[in-house]
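Please keep the structure in view while reading.

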Amino acid sequence: QALGFERATPVQEAVIPLFCGNKDVAVDACTGSGKTLAFIVPIIEKLRRLEDPLRRHQVGAIVVSPTRELSRQIFNVAQPFVDSVPGLTVQLLVGGTD
């Protein structure tokens with residue numbers, strides 16, 4: 001709510017419980033349907049609830065994206081959620097050439 005979200009989208013309602021239950025999920029939905037948060041929220045919640053916090057340089061999750069543009073969008077969406085967990089950081093790593 002602090003980030004301006006009042007309720008989950010239909011996509012999020014359908015898939016967040018599956019992700020939280022460690023299920024593999026494939027989603028095909030239109031732009032703006034909430035797909036990014038549908039996987040970011042469960043990742044952040046799993047990391048938030050770890051019994052032992054991540055150690056320095058320990059990787060908690062990796063998100064792979066097919067394009068630089070999408071990678072940047074995912075990074076920007078994830079950043080405020082990552083910031084809500086003390087000690088957690090996010091990095092954007094891209095490869096290739098123009």
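Which residues does I44 touch, not counting residues up to four places away in sequence? In this predicted model, I44 touches F81, V82, V85 and L88 once residues up to four places away in sequence are set aside. I44 itself belongs to helix 2, which covers residues 35-48. Because its relative accessibility is 5%, below the 20% under which a residue is called buried, I44 counts as buried. One of the residues touched by I44 is V85, and the two are 41 residues apart in sequence, while their C-alpha atoms are 8.0 Å apart in space.

**Helix packing**

The place of I44 leads on to the contact between helix 2 and helix 3. The axes of these two helices come within 10 Å and cross at roughly 35 degrees, and helix 2 passes helix 3 in a right-handed crossing. On the side of helix 2, the contact is made by T36, L37, F39, I40, V41 and I44, and on the side of helix 3 by I74, V77, A78, F81 and V82. Sorted by class, the residues of this contact divide into 10 nonpolar and 1 polar, with no charged residue.

Helix 2 also packs against helix 1, which spans residues 10-20, and here the axes come within 9 Å and cross at roughly 35 degrees. The crossing of helix 1 and helix 2 is right-handed. Helix 1 contributes V11, Q12, V15, I16, F19 and C20 to the contact, whereas helix 2 contributes K35, L37, A38, F39, V41, P42 and K46. By class, the contact of helix 1 with helix 2 has 10 nonpolar, 1 polar and 2 charged residues.

**Pockets**

| Pocket | Volume | Lining residues | Classes in the lining |
|---|---|---|---|
| Largest pocket | about 930 Å³ | 33 residues | 20 nonpolar, 10 polar, 3 charged |
| Second largest pocket | about 500 Å³ | 25 residues | 18 nonpolar, 6 polar, 1 charged |

Which residues of the lining lie nearest the centre of the largest pocket? They are V59, A61, T89, V90 and Q91. The elements that give two or more residues to the lining of the largest pocket are helix 2 and helix 3, the latter running over residues 68-83. Helix 3 gives the most to this lining, with 6 residues.

In the second largest pocket, the lining residues that lie nearest the centre are G34, K35, T36, F39 and L70. Helix 1, helix 2 and helix 3 each supply at least two residues of this lining, and helix 2 gives the most, with 6 residues. Some of these residues return from the helix contacts: K35 and F39 take part in the contact of helix 2 with helix 1, and T36 and F39 in the contact of helix 2 with helix 3.

Where is N22 found? N22 is found in the loop between helix 1 and helix 2, and it has a positive phi of about 60 degrees although it is not a glycine. With a relative accessible area of 60%, which is over the 50% cut-off, N22 is exposed.

The loop between helix 2 and helix 3 holds H57, which has a positive phi of about 70 degrees and likewise is not a glycine. H57 is exposed, with a relative accessible area of 72%. P53 has its place in the loop between helix 2 and helix 3, and at 65% relative accessibility P53 counts as exposed.

Is N76 buried, partly exposed or exposed? N76 lies in helix 3, and because its relative accessibility of 44% falls between the 20% and 50% cut-offs, N76 counts as partly exposed. The C-alpha atoms of N76 and D28 are separated by 21 Å, and the two residues are 48 residues apart along the chain.

Terms used
Residues numbered from 1 in each chain as written. Predicted model: local features only at pLDDT ≥ 70, side-chain atom pairs only at ≥ 80, totals over all residues. Heavy atoms only, no water. Helix = DSSP H or I, 4+ residues; strand = E, 2+ residues; numbered from the N terminus. Buried < 20%, exposed > 50% of the residue type's maximum accessible area, 1.4 Å probe, protein only. Contact = heavy atoms within 4.5 Å. Axes fitted to C-alpha atoms, helices over the stretch in contact; angles between N-to-C directions. Left-handed = near helix turned anticlockwise from the far one by under 90°. Nonpolar A, V, L, I, M, F, W, Y, C, P; charged D, E, K, R; others polar. 1 Å grid on protein atoms, 1.4 Å probe; cavity = no way out; pocket = protein on both sides within 12 Å on 5 of 7 lines; lining within 4 Å. Points joined across faces, edges and corners; volume = space filled by probe spheres on them.
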